[in-house]
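Reader: I have a protein open on my screen and would like to talk it through with you. Could you take my questions as they come?

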Amino acid sequence: MTENDFLPLAYTNTVETGTATYKSPSNIALVKYWGKKENQLPQNPSISFTLDACATTTTVSFRKLENKSVDFSFDLWFEGSQKEDFKPKISTFLARIEAYLPFLKEYHFKIETSNSFPHSSGIASSASGMSALALCLMELERKLVSTMTADFFTKKASFLSRLGSGSACRSIEGAIVQWGSHGKTQGSSDLYGIKYPYEVHDNFKNFHDTILLVDKGQKQVSSTVGHNLMHNHPFAVERFKQAHDNLDKLITVFKTGDLNEFIKIVESEALTLHAMMMTSLPYFILMKPNTLEIINKIWAFREKTGSNVCFTLDAGANVHVLYPENEKQEIYQFITSELLVYCENQQYICDRIGLGARLMNN
Ligand code: PMV
């Protein structure tokens, strides 16, 4: 498919008012997306686990205007109060997707949104937030056309989410989602995320992710700035190639259930992301001392017990502790006794792999 396939459909129906509610999850990348081209197209393919507990629920109520408005007409409510300061981000998103949803200025929207995780936890809400909003708007488009296949709906929702925040396109459908064109993954595309299409061993079903909140402050570097640092980065070409190689390897890992190899790929990806930030100009260290303490504790625990626990990182100091379902008791014990002391106010979020976004009304 190309971008043109997502251009406006012929609208056959008239819709005056309505509402749509979606609950959309966050995701954690195993192979990271870091570096983009024009139009939020990724420099390399990435793959993520869909998270269930960190989700955004968004309700969009729409009312047709008598005349098309000049600017986007919407109110934004976040957790029960109106949030003027979040509006510019939404306006930018709407402007980016307007060519694909040409009805946007014909309606007034009331957007009500809330997160299942604390706002200033250092957990990015852009993936869950942008995907939930894109899904609600797609629900309106679905009402405007006489037929729309479920496959097109999902792809276009992912395509639009990507224009809000790249990683958001991996939050629509599936437990494991791949985004970005990759030679060995059939159906993969830079334009949208797809449900991982190959065999997945039982070892990866119900995987757990406990997010240790090491630093709940504002992000030190926005992801836009971070992605831009990959332009002319001395190691960029090698890094983009490495992501392809790691995805090749993950196909075998997912099939065979090889947790040792999984750990190597996932931890190396996390450290590579941080290494890219340390070796760019300007350079940044996004880990905190406690991030390193936790990593060392995980390595020592693995060495001592033979466990399959591992970690990954986002572009920040929080640590995602990943472990299979059958080890959850021991790991939970390990986390509470040895790792929580490194978290701000001992705060953490227990999450696990989920299946994707859900329509909550109709
Ligand atoms: O979706 P963005 O533009 O905020 O970028 C996300 C980048 C990482 O979270 C660091 C990696 C990833 O693939 O999710």
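This is a predicted model: local features need pLDDT of at least 70, side-chain atom pairs count only at pLDDT 80 or more; totals for chains, interfaces and linings use all residues.

Reader: Where does Asn206 sit, and what is its phi?

Author: Asn206 belongs to the loop between strand E7 (193-195) and strand E8 (208-212), where strands (E, at least two residues) and helices (H or I, at least four) are DSSP runs numbered from the N terminus. Its phi is near 60°, a positive value in a residue other than glycine. Most residues other than glycine have a negative phi.

Reader: And what about Asn232, buried or exposed?

Author: Asn232 counts as exposed, because its relative accessibility is 79%. Its phi is also positive, near 60°, and Asn232 is found in the loop between helix H4 (223-228) and H5.

Reader: Let's move on to H5, then: how many residues does it have, and how far does it reach?

Author: Helix H5 covers residues 236-256, which is 21 residues, and reaches 31 Å from its first C-alpha to its last, close to the 30 Å expected at 1.5 Å a residue; the expected span is 1.5 Å times one less than the number of residues. Just after H5, Gly257 takes a positive phi of about 80°.

Reader: Which residues of H5 are buried, and what covers them?

Author: The buried residues of H5 include Phe240, Leu247, Leu250 and Phe254, as well as the polar Asn246 and Arg239. Their cover includes strand E1 (17-31), strand E2 (46-64), strand E6 (176-179) and helix H6 (259-278).

Reader: Changing topic, how many residues are in the largest nonpolar core?

Author: That core has 44 residues, and those with the most contacts inside it are Ile97, Leu104, Phe109 and Leu137; a nonpolar core is a set of buried Ala, Val, Leu, Ile, Met, Phe, Trp, Tyr and Cys residues joined through side-chain atoms within 4.5 Å. Its largest share, ten residues, comes from H2.

Reader: What does Leu137 touch?

Author: Not counting residues up to four places away in sequence, Leu137 touches Val60, Leu94, Ile97, Leu101, Phe103, Leu104 and Phe109, contact meaning heavy atoms within 4.5 Å. Apart from that core lies another, of 30 residues, among them Phe207, Ile211, Val253 and Phe254.

Reader: Which domains does the assignment give, and how many residues are in contact between them?

Author: The domain assignment, whose bounds come from an automatic or database source, gives domain 1 (3-199) and domain 2 (206-352). In contact are 36 residues of domain 1 with 43 residues of domain 2, and the two domains bury about 3300 Å² between them, 69% of it on carbon and sulfur atoms. Buried area here is the accessible area (1.4 Å probe) that two parts lose on being put together, summed over both. In domain 1, Leu30, Lys32 and Trp34 lose the most area to domain 2, together 25% of what that side buries.

Reader: One last thing, is the peptide bond from Leu281 to Pro282 cis or trans?

Author: The bond from Leu281 to Pro282 is cis, with omega near -5°, and Pro282 lies in the loop between H6 and helix H7 (289-305).

Conventions:
Residues are numbered from 1 along each chain as its sequence is written. Side-chain values use heavy atoms; hydrogens and water are left out. Buried means under 20% relative accessible area, exposed over 50%, partly exposed in between (1.4 Å probe, protein chains only).
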